[in-house]
Amino acid sequence: MIFHNFAVMKKVYLDNASTTAIRAEVIQEMTKVMAQDYGNPSSTHSFGRNAKSVLELSRKSIARQLNVPAQEIIFTSCGTEANNWILRSAVVDLKVKRIITSKIEHHAVLYTVQALQREFDVQVDYVAVKANGEIDITDLVELLSQGNKTLVSLMHVNNETGNVLDLKRIGVICEENSALFHSDTVQSVGKTELDLQAFPIDFLVASAHKFHGPKGVGFAFIRKNSGLQPLFYGGEQEKGLRPGTEAVHQIAGMAKALELSYANLETERTHISELKKYLISQLEIEFPEFSINGSPDGFYNMLNVLLPFSEDKTAMILFHLDMKGIAVSRGSACQSGSIKASHVLAEMLSDADLKKPSLRISFSHHNSKEDVDLLVDALKGI
Ligand code: PLP
């Protein structure tokens with residue numbers, strides 16, 4: 001007789017910078033909206049008005065969290081769309097002649113900027129990145145002292161290293177130099193307080209699935225009278241800035257998720273910060289030669305580590321962890337079977353270190369010390 005061992009393996013999700021689990025209350029809210037509030041928010045009958053009211057209450061709720069007027073929040077399908085829209089319209093409509101960005105931005109910004117450079121011959125300057133992955137602010141000031149009408153696009157929290165940019169400082173520098181300021185805040189909205197009246201900033205973007213909301217919905221904050229024009233054309237939704245029938249259930253889910261993220265921020269941040277500290281302490285014991293990719297003061301939910309393993313372990317490490325039910329991500333993406341080095345780590349590490357295995361471990365409030373123990377044990381088995 002054959003006996004199968006069907007003991008259920010505990011799955012460990014430590015890839016929350018990629019995406020997060022939707023909160024139960026968010027699913028409940030979305031289900032309610034799908035079942036009951038199915039009208040088209042542009043329709044004038046009661047069904048439409050009902051959906052419109054869900055939409056506008058969601059907008060108000062999101063705006064309240066960021067301390068901005070509701071009309072400055074425009075819903076989009078995701079963070080990528082919002083980044084594309086803002087950057088493209090800045091060049092096409094606001095007549096920005098130069099973009100200052102960095103080589104460690106998410107591809108949603110980096111590839112958009114490169115496309116704009118090819119299409120419109122816009123000047124692109126990359127601000128220097130320090131060895132620890134921080135933006136060199138002195139270099140930014142130097143770049144801003146020269147040149148044409150400029151937009152600065154620098155992300156708040158880097159999605160690979162967790163390095164944090166001082167938004168207030170950059171905002172003030174941009175204002176002093178009459179430059180527009182856009183920040184990809186996809187990794188920080190819902191995870192840290194953002195008071196948009198406290199510093200000058202023109203545009204930022206968010207994505208619901210990064211803060212325990214649904215995928216396929218995001219928003220842009222667009223400062224009033226910015227002059228931004230739509231990316232594509234159609235109906236009058238979102239004041240004509242983003243045509244297309246709004247995904248009311250997604251938007252209601254996003255608003256609920258943001259509300260809960262901020263309501264629970266203190267407790268969840270404390271819990272997650274403890275886990276990160278615990279992980280570092282365990283790595284120090286088990287792999288004393290490991291090093292942190294990025295600043296040691298990186299964002300509380302993320303740690304990118306270079307492990308003291310040989311190069312030949314690089315390709316199999318994620319596979320090995322996956323076999324054990326552990327999800328993390330590597331500082332590099334696997335494309336068509338070949339390993340492409342991370343464009344972010346490439347700006348920070350030597351060629352030799354770039355070939356060694358780096359892992360990005362990112363937490364949520366669902367994680368526990370046991371998850372960290374399981375990860376460290378699995379790494380010991382490599
Ligand atoms: N910007 C950053 C920093 C991200 O981490 C991501 C998600 O991976 C995006 C943009 C893209 O967001 P979305 O998945 O909503 O298009």
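## Terms and basis

Contact here means heavy atoms within 4.5 Å. The model is predicted, so that local features need pLDDT of at least 70 and side-chain atom pairs count only at pLDDT 80 or more, while totals for chains, interfaces and linings use all residues. Residues are numbered from 1 along each chain as its sequence is written, and side-chain values use heavy atoms, with hydrogens and water left out.

## Nonpolar cores

L379 touches L283, F287, L307, F309, I317, L321 and L359, when residues up to four places away in sequence are not counted. Together with V152, L379 has the most contacts inside the largest nonpolar core, which has 83 residues; such a core is a set of buried Ala, Val, Leu, Ile, Met, Phe, Trp, Tyr and Cys residues joined through side-chain atoms within 4.5 Å. Apart from this core lies another, of 24 residues, including I86, A90, L116 and V186.

## Helices α5 and α6

Helix α5 (residues 137–144) packs against helix α6 (residues 167–176) at an angle of about 15°, their axes 10 Å apart, and the two are therefore roughly parallel to each other (angles under 35 degrees count as such). I137, L140, V141 and L144 of α5 meet R169, I170, I173 and C174 of α6, and these residues divide into seven nonpolar, no polar and one charged.

## T112 in helix α4

T112 lies in helix α4 (residues 107–120) and is buried, with a relative accessible area of 5%, where buried means under 20% relative accessible area with a 1.4 Å probe and protein chains only. Leaving aside neighbours within four places in sequence, T112 is in contact with N84, L87 and H107.

Methods
Axes are lines fitted to C-alpha atoms, for helices over the stretch in contact, and angles run from 0 to 180 degrees between N-to-C directions. Helices (H or I, at least four residues) and strands (E, at least two) are DSSP runs, numbered from the N terminus. Angles under 35 degrees count as roughly parallel, over 145 as roughly antiparallel, 65 to 115 as roughly perpendicular and the rest as oblique. Ala, Val, Leu, Ile, Met, Phe, Trp, Tyr, Cys and Pro count as nonpolar, Asp, Glu, Lys and Arg as charged, and the others, Gly among them, as polar. Buried means under 20% relative accessible area, exposed over 50%, partly exposed in between (1.4 Å probe, protein chains only).
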